[in-house]
Amino acid sequence: MSTLNIGGSQIDTSWFLLLSAVLFILGTTGVLVRRNPLVILISIELMMNAANLALIGYGAALGTREGQIVVFFVIAIAAAEASVGLAIFVSLFRHTETIDVNEIHILKW
Amino acid sequence: MAIAVFFVAAAMAVLGGIGVISFHQSIRSVLSLVVVMLALSVEFLLLSAQFVFAVQIIVYAGAVMVLFLFVIALLGPARELGRGRLRFQAWLSGLFVLVLLGLMWAMLQGVQYRQPDSKADMSLFGTVQAIGVGLFTTYLYPFELTSILLLVAAIGAIYLSRKRIDDL
């Protein structure tokens, strides 16, 4: 196992990975259980944050900067995804006057 | 000291994550996600990623979450309606999530870590200088593509959220 030296104390890298796994699981649960599309989008953001933590943890364990650069791109793509997703929800809400994903089935034929 | 900071921030992040999926008003979910992001930025600082720490607070917890808050303010306090049509949704997703957590745990047990490159200059690790040099030399092409992606997303968001959708 790899340990990180942070301010003189040793922390195992797998603690960061375990925290990342728990947050990713919570995000997955939110996507599966909730039916408010806004909350589903928020849960996806939570999963992205968990992935960012894993990337930076591995980057710090390996001593490379690539993990942080990938996190930079992930944050930019999350911003794009949030803006387009929220625009879709706003126009859907104008169109159907509801915000439950069970009621949004105009893509079904 | 660092270990205590790690565990306090980790507990805040997990509690915030539970709040994200369990609050019934979506504005509380968004504020819980802001708590998660601030706790994670502390973890990034522990991993000596200063630049990502600043970006996480300014761009993610600042700009993106304000976008969510604006949309919630626009749509009003919509609640979820009663129970869903899928009867076993909660049970099935609980089973799926447990299987996923078990798989992740099993994978974490078998990870073989490469020893860090001892010649690497750790004094620059995570600074704006190190990230900027990487972004503008090796990763220049994805960086420019990201700017085009953001432009396309902005145009798409304006187009999608116009007044009427019927005359597309």
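**Chain B at a glance**

Let's start with burial. Buried residues, those under 20% relative accessible area (1.4 Å probe, protein chains only), make up 32% of the 168 residues in chain B. Keep in mind that this is a predicted model, where local features need pLDDT of at least 70, side-chain atom pairs count only at pLDDT 80 or more, and totals for chains, interfaces and linings use all residues. Residues are numbered from 1 along each chain as its sequence is written, chains are lettered from A and ligands numbered from 1 in the order in which they are written, and side-chain values use heavy atoms, with hydrogens and water left out.

Next, the fold. Chain B has six helices and zero strands. Helices here are DSSP runs of H or I, at least four residues, and strands are runs of E, at least two, numbered from the N terminus.

Now contacts, meaning heavy atoms within 4.5 Å. Take those in chain B between residues at least 6 apart in sequence: 54% join residues at least 24 apart.

On to single residues. Thr127(B) sits in the loop between helix H4 (89-109) and helix H5 (128-136). Is Thr127(B) buried or exposed? Buried, because its relative accessibility is 19%. Leaving aside residues up to four places away in sequence, Thr127(B) touches Gln50(B) and Phe51(B).

Trp91(B) lies in helix H4 of chain B. Its relative accessibility is 70%, so Trp91(B) counts as exposed, the cut-off being over 50%, with partly exposed in between.

Last, the surface. The accessible surface of chain B, from the Shrake-Rupley method with a 1.4 Å probe, is about 10,600 Å². Carbon and sulfur atoms hold 73% of that surface. Thank you.
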